[in-house]
Amino acid sequence: MGDNVTVVDFSETPPKVNEFRRFLRVFFARGMVAFGLVVLVLMIIAAGFANWLAPYDPLQTDFSSSLSQPSSIHLLGTDNVGRDTLSRLLYGARTALIVGFVTVFSGAIIGITLGLLAGHFGGIINMFIMRAMDALMCFPMIMLALLISAVLGGGMKNVIIALSFASVPVYARVVNGLTLSIRENDYIMAERAMGSSNIRIIFGHILPNSFAPIIVLITLGLGNIILSEAGLSFLGIGISAPQAAWGSMVSNGYKYLLTNPILSFAPGLAIMLVVFAFNLVGDGLRDALDPRLRGFL
Amino acid sequence: MTTYIARRLLQMLIVLIMITLLVFFVMRLMPGDPLIIYIARSGNLENMSFDQIEQLRIQYGLDKPLMVQYFNWVTGVFRGDFGESIIYKQKVGRLLKERFPVTLNLGIPALIVSSILGILAGIIAAIWRGKWPDKVVTPLSYIGLTIPVFWLGILMIYTFGLKLHWLPISGYTSPFKDFALSMRQLVMPVICISIFGIAANARQMRSSMLEVIRQDYIRTAWSKGLSHRIVILKHALKNSVIPVITLIGFGVGIIFGGDVLVETVFAIPGIGFLATMSILSSDYIVVQSITLLISVVILISNLMVDLSYVWLDPRIRYG
């Protein structure tokens, strides 16, 4: 024992940071995030209260006033069979949100489970699962969805199945990577030494530790799914008329572009705003939840 | 290095097998008997006896076990025999040979445009971080990532086609037939397909450039008195472009995905349009073949990205 032993003073604790307030500060550091949140809240209100907010029944056709221009009676005009555009836009928000949330959560649950299994057990299981994910990754999301809808047919339920399937590999890959790094930690080894079961290690330790990136992925995924659903519906393979979906509204309005451009402009703008909002909020969450940035931001 | 490439090729082979399995079985899991559907589509189910149908089943090899059918299909594909389209009444292989060049004529310019413009925009935003060029590029890149491509196409058709009459609103002409018209017709579709790639590349380029500029060796380069241009283009660009290259590889998939939509908007007879039409007319064999073709192209481009990584980043070469 020499004099060169440095004594570390553990009595001095680091300054206490209120994690929640730090989260809020970093999250709102980008001014645009607030804008994104406002758009999302408005969208959720539109979707939830569409039956009260909509001035007309979105499915009600009225051939006497088909293709009318925006006026005080029909704020955004009507489509070729006289359905009120504004009402369809509001109900379209409901369609988009239902498809978005159901798809993202089912895709995420399957993907996360596969990623956890592959990462935790390794070996041949990892090889099999991850190569299958690589194979799925080789299909552009919309192609995979096209292939599946070709088999199952259109409609909301099948669009959800197709897009969930297509969104699985992203979650599996990320969670697999996280699992591989988390399971190298000493506390996992300690758990193992204590004889904990695999289930306990996976769901008690690995999953909670990979929560932050998963939340970011889910937020960004919501925008992505809404965009893909709109694409499918635009092609006439997803959710089609009379049900109100933004993608098929754009496609329907396209035929009347010269006389009634608003028929395809309005739903397209709605898609863009919502996807934009989900991306902004997702990026804000990424900054606020990334532990590597802790202390810098 | 050789072992890395060998391992990568082996992995690719496994993925390729999985892709074929997936494409094959998704089609076979279809509810209903594919043969009956096939016959019903060609319109003579009523005047066919049970024996005739069974005979057809044997003729098409559908009486064999699934694994044998799969094997026959895969070996057929390798010989260029994808099967026959029930709508177009011709070999799918010939159909693809006709349509795929059209898609390439859109996709390759789009890939080049999205790489070059994206990297340039990213560098500009990084160098003038927080100044006006950054304040223009960054929000634009957000819009590029979120705008629905089919809607962008419609906006452009409305503005440049219907209102300003600058460009033809749709259609496709082979560049060998009428070069000027072909170019004019390609402008809007290529912009549409590349917009997402431009935005994604610009964002990645900006952030990786900002990261590299902070490094010590860049400070050394500055302090040696090297000019602005040499430091950025020679020292910083090389290292910061590596992550962008991965993204360009992913871009191939995004371009094919966007291509399906854009070809439909602009009525361009490539494989994307063909895929949509075939789904709407339940021409499953065509959809199956196109999906397989696209995924194989993407698989190969992913492999090329990985190999270029080895070449660009010596840490991987020796690791």
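Predicted model: local features only at pLDDT ≥ 70, side-chain atom pairs only at ≥ 80, totals over all residues.
Two residues count as in contact if their C-beta atoms, placed from the backbone, lie within 7 Å. Among the contacts in chain B between residues at least 6 apart in sequence, 72% link residues at least 24 apart. Chain B has 14 helices and zero strands, so the DSSP runs found along this chain are helices. The C-alpha trace of chain B spans about 85 × 60 × 35 Å along its principal axes. Of the 319 residues in chain B, 36% are buried.

After α9(B) comes G225(B), which has a positive phi, near 85°.

What about the inside? The largest nonpolar core holds 158 residues, and L144(A), A145(A) and L146(A) have the most contacts inside it. The biggest contribution to this core comes from helix α8 of chain B (residues 179-213), which gives 15 residues. As for L144(A), once its neighbours within four places in sequence are left aside, its contacts are L136(A), F139(A), F165(A) and A166(A).

Next comes the place where the two chains touch. Here, 36 residues from chain A meet 39 residues from chain B. On the chain A side, α5 (123-137), α6 (141-152), α10 (211-235), α11 (246-254) and α12 (262-289) each supply at least two residues. The largest share of that side belongs to α6(A), with nine residues. Sorted by class, the side of chain A that touches chain B has 27 nonpolar, seven polar and two charged residues.

One of those helices, α12(A), also packs within its own chain. Two packed helices are described by the angle between their axes and the distance between the axes. The axes of α1(A), residues 19-27, and α12(A) come within 8 Å and cross at roughly 135°. The two helices are therefore oblique to each other, and α1(A) passes α12(A) in a right-handed crossing. On the α1(A) side, the contact is made by F23(A), V26(A) and F27(A), while α12(A) brings G284(A), L285(A), D287(A) and A288(A). By class, the residues of this contact divide into five nonpolar, one polar and one charged.

Note on methods. Residues numbered from 1 in each chain as written. Chains lettered and ligands numbered in written order. Helix = DSSP H or I, 4+ residues; strand = E, 2+ residues; numbered from the N terminus. Nonpolar A, V, L, I, M, F, W, Y, C, P; charged D, E, K, R; others polar. Core = buried A, V, L, I, M, F, W, Y, C linked by C-beta atoms within 7 Å. Buried ≥ 20, exposed ≤ 12 C-beta atoms within 10 Å, placed from the backbone. Axes fitted to C-alpha atoms, helices over the stretch in contact; angles between N-to-C directions. Parallel < 35°, antiparallel > 145°, perpendicular 65-115°, else oblique. Left-handed = near helix turned anticlockwise from the far one by under 90°.
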